Amino acid sequence: MKDGYFLPAGKARLCRWAGMMFLLAAAVMPIVIAFAGLTPGATPICGGGYGCVWKASATALLPEETRAGIEESPRARARLETYAARADVRAGLAAIRAIDLLPFMVLLGSIGVALRRLGGTGVDTLERALPWLRYASLAAIVWALAGPVYESALETWLSPGTPSGFQVVTTVTLAPIAGGLLLALAAYAAIWAVEAALEARRDLDRFV
């Protein structure tokens, strides 16, 4: 289109609504971070005629092999729960959760703004949306790399409450990192290519 790229009215409206949903999801992330500190390892417990309730259990934050050993010993479990109940430990858990969720919040927010731009009025809505999609792809790259940092920090922070005592834990699982990182890099490359094509078109229009 010589006047730029824009969506039909119906699709533009859907984009704006979808963008609002992503922005609302991003706005919830600070609450989730705070909740991670207030109720460490909270999970829903249902049944017994009492409906469903949220029960905090710090053991749920540990890897399966460590969790299994602690749950077999009431004394070890009580020690971990007592440690996780400390105010400083809960504050640390919230900060560690932020390592994982802040990049995800930026990812959701950037996609939300991009969709709102795509559903906007006027011309060249695609060009206004592309920078936000680029921010989203960068946030996805950071989010993929933050996963092992989050898991390592979480296990290290909780280790004083385990039978083994304090230890620095390094947790790196290559398969999930590689998959998420490749997808994020592919998205960034695609957005960069579209931006380059639009720039080339503008240069050609100016030349003509």
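Ser152 is buried in this predicted model, because its relative accessible area of 11% falls under the 20% cut-off. Ser152 sits in helix α5. Setting aside neighbours within four places in sequence, what does Ser152 touch? Its contacts are Val169, Thr170 and Thr171.

Staying on helix α5, which covers residues 125–158, we get to Pro131. Pro131 comes out at 22% relative accessibility, so it counts as partly exposed. Pro131 also pairs up in space with Ala114: the two are 17 residues apart in sequence, and their C-alpha atoms are 7.9 Å apart.

Now for the rings. Searching the whole structure turns up two aromatic pairs. One of them is Trp132 with Tyr135: the ring centres are 5.3 Å apart and the planes meet at 85 degrees, so this pair is edge-to-face. Anything over 60 degrees gets that label, which is why 85 degrees qualifies. Both residues belong to helix α5, three residues apart, or about one turn of the helix.

Over on helix α1, residues 9–38, there's Met20.

| Residue | Relative accessible area | Class |
|---|---|---|
| Pro131 | 22% | partly exposed |
| Trp132 | 28% | partly exposed |
| Met20 | 33% | partly exposed |
| Tyr135 | 37% | partly exposed |

Conventions. Residues numbered from 1 in each chain as written. Predicted model: local features only at pLDDT ≥ 70, side-chain atom pairs only at ≥ 80, totals over all residues. Heavy atoms only, no water. Helix = DSSP H or I, 4+ residues; strand = E, 2+ residues; numbered from the N terminus. Buried < 20%, exposed > 50% of the residue type's maximum accessible area, 1.4 Å probe, protein only. Contact = heavy atoms within 4.5 Å. Phe/Tyr/Trp six-rings, centres within 6.5 Å; stacked < 30°, edge-to-face > 60°.
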